[in-house]
Amino acid sequence: MANNHKLRRFRKVAMRRQKHRCHYCDAPMWTRRPELFAEQHGLRLEDTAHFQCTAEHMLARRDGGEEVRNIVAACRYCNITRHEAEEPMAADAYRAHVQAHVADARWLTVALLRGAA
């Protein structure tokens with residue numbers, strides 16, 4: 001349980017440092033009250049799950065990543081999408097990949113915020 005508490009604290013610090021924006025897609029994120037987030041951004045409540053703030057390890061712990069400087073805040077969609085691949089991209093490469101899709105408006109979180117999904 002102490003480990004979860006520490007991870008939540010690191011996530012909270014990262015979220016503040018990133019001004020409540022996802023490290024990868026730059027979408028706004030929430031940690032509490034998804035219904036308020038849905039109202040503020042014109043989303044359906046079921047779509048808000050994609051924007052939930054998660055703690056993302058830039059370098060996986062199993063690969064030697066430390067806790068303190070290794071955690072960024074990422075929306076649930078970006079975090080899950082990165083790790084669904086058989087060989088997940090390195091965090092910097094994944095950020096560039098996501099940003100390219102965001103620029104072309106081909107990333108789910110951006111589409112949802114624009115009302116196109």
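These legends describe close-up views of one predicted model.

Residues are numbered from 1 along each chain as its sequence is written. In this predicted model, local features need pLDDT of at least 70 and side-chain atom pairs count only at pLDDT 80 or more, while totals for chains, interfaces and linings use all residues; side-chain values use heavy atoms, with hydrogens and water left out.

**View 1. The whole chain.**
The protein chain holds 5 helices and 2 strands. Helices (H or I, at least four residues) and strands (E, at least two) are DSSP runs, numbered from the N terminus. Along the sequence the pattern reads α-α-β-β-α-α-α. Of the 117 residues, 38% are buried. Buried means under 20% relative accessible area, exposed over 50%, and partly exposed in between (1.4 Å probe, protein chains only). The accessible surface comes to about 7,500 Å². Carbon and sulfur atoms hold 49% of that surface. Accessible areas come from the Shrake-Rupley method with a 1.4 Å probe; for residues, only the protein chains shown count as cover. Among contacts between residues at least 6 apart in sequence, 54% join residues at least 24 apart. Contact means heavy atoms within 4.5 Å.

Leaving aside neighbours within four places in sequence, Cys78 is in contact with Cys22, Tyr24, Cys25, Tyr94, Val98 and Trp107. In soluble globular proteins, nonpolar side chains tend to be buried together.

**View 2. The largest pocket.**
About 450 Å³ of space lies in this pocket. The search runs on a 1 Å grid over the protein atoms alone, and a pocket is an open set of points where a 1.4 Å probe fits, with protein on both sides within 12 Å along at least five of seven lines. Grid points are joined across faces, edges and corners, and the volume is the space filled by probe spheres set on the points. The pocket is lined by 18 residues. Lining residues have an atom within 4 Å of a point. Met15, His20, Trp30, Thr31 and Arg32 lie nearest the pocket centre. Helix 1 (2–17) and helix 2 (34–41) are the elements that give two or more residues to the lining. Helix 1 gives the most, with 7 residues. By class, the lining has 6 nonpolar, 5 polar and 7 charged residues. Ala, Val, Leu, Ile, Met, Phe, Trp, Tyr, Cys and Pro count as nonpolar, Asp, Glu, Lys and Arg as charged, and the others, Gly among them, as polar.

**View 3. Gln99 and Asp26.**
Gln99 sits in helix 4, and Asp26 lies in the loop between helix 1 and helix 2. The two are 73 residues apart in sequence and 8.5 Å apart in space, C-alpha to C-alpha. Beyond neighbours within four places in sequence, Gln99 is in contact with Tyr24, Cys25 and Asp26. Gln99 counts as partly exposed because its relative accessibility is 28%. Asp26 is partly exposed too, at 45%. Asp26 is not a glycine, yet has a positive phi of about 65°.

**View 4. Ala105 in its loop.**
Ala105 is found between helix 4 and helix 5. This residue has a positive phi of about 55° although it is not a glycine. Most residues other than glycine have a negative phi. At 38% relative accessibility, Ala105 is partly exposed.

**View 5. His23 and its contacts.**
His23 lies in the loop between helix 1 and helix 2. His23 is buried because its relative accessibility is 18%. Setting aside neighbours within four places in sequence, His23 is in contact with Gln18, Met58, Val72, Ala73, Ala74 and Arg95.

**View 6. Leu113 in helix 5.**
Leu113 belongs to helix 5 and is partly exposed, at 30% relative accessibility. Its C-alpha atom is separated by 7.6 Å from that of Gly42, 71 residues away along the chain. With neighbours within four places in sequence left aside, Leu113 is in contact with Ala27, Pro28, His41, Leu43 and Phe51.
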